[in-house]
Amino acid sequence: MRTELPRDPVILLSVVNTKLRDYYPTLDALCEDMEIDRTELLDRLAAIDYVYDTGRNQFI
């Protein structure tokens, strides 16, 4: 079952960073488990000038 994420990019950022902090060791693990298209997620957050930092495991 594909997980529905918030459409608002700022809320999306908050939800994704919280999940990365609390539940997932990597972005790939989050995307696989939640059945999220990684490229789509990266593009949606890039639209508000956020990129994924692997060292921090969060969008900055």
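## Exercises on a predicted model

A search of the whole structure finds 1 aromatic pair. The model is predicted: local features need pLDDT of at least 70, side-chain atom pairs count only at pLDDT 80 or more, and totals for chains, interfaces and linings use all residues. Residues are numbered from 1 along each chain as its sequence is written, and side-chain values use heavy atoms, without hydrogens and water.

**Exercise 1.** Classify the ring pair of tyrosine 52 and phenylalanine 59.

*Solution.* 
- Apply the cut-offs: rings of Phe, Tyr and Trp (its six-membered ring) pair if their centres lie within 6.5 Å; planes under 30 degrees apart are stacked, over 60 edge-to-face, the rest tilted.
- The centres of tyrosine 52 and phenylalanine 59 are 5.4 Å apart and the planes stand at 55°, so the pair is tilted.
- Check burial: both tyrosine 52 and phenylalanine 59 are buried. Buried means under 20% relative accessible area, exposed over 50%, partly exposed in between (1.4 Å probe, protein chains only).

**Exercise 2.** Describe how helix 1 passes helix 3.

*Solution.* 
- Locate the elements: helix 1 spans residues 9-22 and helix 3 spans residues 38-46. Helices (H or I, at least four residues) and strands (E, at least two) are DSSP runs, numbered from the N terminus.
- Take the geometry: the two axes come within 9 Å and cross at roughly 125°. Axes are lines fitted to C-alpha atoms, for helices over the stretch in contact, and angles run from 0 to 180 degrees between N-to-C directions.
- That makes helix 1 oblique to helix 3. Under 35 degrees is roughly parallel, over 145 roughly antiparallel, 65 to 115 roughly perpendicular, the rest oblique.
- List the contact (heavy atoms within 4.5 Å): Pro9, Leu12, Leu13 and Val16 of helix 1 meet Leu41, Arg44 and Leu45 of helix 3.

**Exercise 3.** Which phi values do glutamate 35 and aspartate 49 have, and where do these residues lie?

*Solution.* 
- Start from the rule: most residues other than glycine have a negative phi.
- Glutamate 35 has a positive phi, near 55°. Glutamate 35 sits in the loop between helix 2 (27-34) and helix 3, partly exposed at 40% relative accessible area.
- Aspartate 49 has a positive phi of about 70°. Aspartate 49 lies in the loop between helix 3 and strand 1 (52-53) and is exposed at 69%.
- Aspartate 49 is also among the contacts of isoleucine 60 beyond four places in sequence.

Conventions: Left-handed = near helix turned anticlockwise from the far one by under 90°.
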